[in-house]
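Here is a short briefing on one protein chain. Look over the structure, then read the points below.

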Amino acid sequence: MSAPSPNPPSPNPPSPNPSSPATHSRPFFHIVLRLGSAVYRLRVRQAKRWNFVEQMVAYSGYGTPAQVRLLGRVLLASNPGTGDRSDRAAKAVVGNVRGWRAFTSVPVQNREVEIELGGTLHRVRADRGGLIDTNVQVRLDPGWHTAVFRTAGTDPVEAPVFVIAPDTRFGIVSDIDDTVMVTALPRPFLALWNTFVVSEHARTPTPGMAVLMDRLAVEYPDAPVIYLSTGPWNAAPTLARFLARNMYPAGALLLTDWGLTQERWFRSGREHKRKNLELLAKEFPGIRWLLIGDNGQHDEEIYADFSRRHPDLTAAVAIRQLSVGESVLSGGRSAGGHQDQPVPPTDWVYAPDGAGMAKQLRELRIL
């Protein structure tokens, strides 16, 4: 495998779209990128005036006994100070009970990060968004391990890493918004309220989904669990605490950044999900995935496409049906079956909650 990269390339990079802003008005787009860089510099200066300090955030990773994917972020965030009270305040950088606090932090670009795992030290570099997303070579036994992240001048932080056994044949990929958690995401004002104001204690788990996921974890104790969402990395720790509090099985979060890229005005949530599903197919060619999502956004389309490309790697697709009101507010997506052409080798199940999904998965002998 080639040297680790903070941003693994997509196995099937999209061809340029002549009508996209990146190609249609490239000079103006570059001006906007330069403006974005200027705004970033202003944010850094403001963070320093507010006495923000550099802090390391580490996320759950996963991989094989020979290679693991490590995830983390370097940020400027409010100074935690000293003492027990400040220890609690330090958690603001990774998403305090009020979600908006996590969005006041500023990413530290291109910072060198040391990661210790399995007695080996790896040196990687954060990207323009302060994100570390890299693959490193290892020699580890299957099961849970601990990676330690640190930068010069920051305290080390730990992250769990799940090493998947070579003989594992089943895995779970689940969306988050309106799948395991009722977020009312299509409602613009309520979505902003949920994201920036509401405590994670007030977020509502989807009925029966935690029980379904727990049964799957019991039935397949060696199965990797991947939570694949278009949500921002700023919200990762808040989401992780929500999942743990509601007894969802532990797993890696694969989120995304918001904002401009070199290719487009805004990052594509659909492309983010497609790219990561393709990476999982490439990294684990022996695992058949249960794909869980909802019919409120684009999960059906994305999962149907994956099923066509990799029918041998798709155990089944389980879709949470939104209510009629939720479906209308989400843009009139389907309320019953998926809108794409059927994928004969793949079993699809539809239900409004986890109990309904569990019943149908039992009929398919998956549970």
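Leaving out residues up to four places away in sequence, methionine 357 touches Met209, Leu212, Ile292, Gly293, Ala318, Ile319, Arg320 and Ala351; contact means heavy atoms within 4.5 Å. This is a predicted model, where local features need pLDDT of at least 70 and side-chain atom pairs count only at pLDDT 80 or more, while totals for chains, interfaces and linings use all residues. Residues are numbered from 1 along each chain as its sequence is written, and side-chain values use heavy atoms, without hydrogens and water.

**Methionine 357**
- Methionine 357 sits in helix 10 (residues 354–363); helices are DSSP runs of H or I with at least four residues, strands are runs of E with at least two, and both are numbered from the N terminus.
- Methionine 357 has a relative accessible area of 0%, so it is buried (under 20% is buried, over 50% exposed, partly exposed in between, with a 1.4 Å probe and protein chains only).
- Methionine 209 lies 148 residues from methionine 357 in sequence, yet their C-alpha atoms are 8.6 Å apart in space.

**Arginine 34**
- Helix 2 (residues 26–49) holds arginine 34.
- Arginine 34 is exposed because its relative accessible area is 65%.

**The whole chain**
- The protein chain has 10 helices and 16 strands.
- It has 367 residues, and 49% of them count as buried.
- Take the contacts between residues at least 6 apart in sequence: 74% join residues at least 24 apart.
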